[in-house]
Amino acid sequence: QVQLVESGGGLVQAGTSLRLSCAASGRTFSGYAVGWFRQAPGKEREFVATIRYSGSTTYYADSVKGRFTISRDNAKNTVDLQMNSLKPEDTAVYYCAAGSYSGNPTNYPFWGQGTQVTVSS
């Protein structure tokens, strides 16, 4: 079992930056890809970014490409999401998840509790 805890969410103004962090405990991230997903009120959960266990390959949703960067430190069992040039439409609860390298949330069996990101205009 992998336990995941997100941190770093908050209320920021449009155009600014925020860095989210996902920390693992239990079995840690061993062998797993880690993805970030988000869910806005009234909307379905959507893919944001994912990174392979090796860190060698990343994949982003078109809506965040060029603005967000995912990275990981396996020695520290953390995966970060650097979010730049934030927009009001980035407002959502952000979740990290561990599983298979994919943009499909069903491929991730382990999930954190989420952290709220609110971007004001």
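1. Rings of Phe, Tyr and Trp (for Trp, the six-membered ring) are taken as a pair if their centres lie within 6.5 Å; planes under 30 degrees apart count as stacked, over 60 as edge-to-face and the rest as tilted. With this criterion, six aromatic pairs turn up in a search of the whole structure.

2. The model is predicted: local features need pLDDT of at least 70, side-chain atom pairs count only at pLDDT 80 or more, and totals for chains, interfaces and linings use all residues. Residues are numbered from 1 along each chain as its sequence is written, and side-chain values use heavy atoms, with hydrogens and water left out.

3. Phenylalanine 37 and phenylalanine 47 form an edge-to-face pair, 5.7 Å centre to centre with 65° between the planes. Phenylalanine 37 is in strand β4 and phenylalanine 47 in strand β5 (residues 46-51), so the pair ties together parts ten residues apart in sequence; strands (E, at least two residues) are DSSP runs, numbered from the N terminus.

4. Tyrosine 108 lies in the loop between β9 and β10 (110-111), so its pairing with phenylalanine 37 ties together parts 71 residues apart in sequence. Ring pairs link Phe37, Phe47, Tyr59, Tyr95, Tyr108 and Trp111 into a cluster.

5. A salt bridge is a side-chain nitrogen of Lys or Arg within 4 Å of a carboxyl oxygen of Asp or Glu. By this rule there are five salt bridges. One of them joins aspartate 80 and arginine 19 at 3.2 Å, N to O. Aspartate 80 is in strand β8 (residues 78-83) and arginine 19 in strand β3 (residues 18-26), 61 residues apart. Aspartate 80 is buried at 15% relative accessible area, whereas arginine 19 is partly exposed at 43%.

6. Arginine 38 is buried, with a relative accessible area of 5%. Its salt bridge with glutamate 46 has the closest N and O atoms 2.5 Å apart; glutamate 46 is partly exposed at 35%. Arginine 38 also meets aspartate 90 in a salt bridge (2.9 Å, N to O). Aspartate 90, in the loop between β8 and β9 (92-99), is 52 residues from arginine 38 and is buried at 0%. Salt bridges that share partners join Arg38, Glu46, Arg67 and Asp90 into one network.

Notes: Helix = DSSP H or I, 4+ residues; strand = E, 2+ residues; numbered from the N terminus. Buried < 20%, exposed > 50% of the residue type's maximum accessible area, 1.4 Å probe, protein only.
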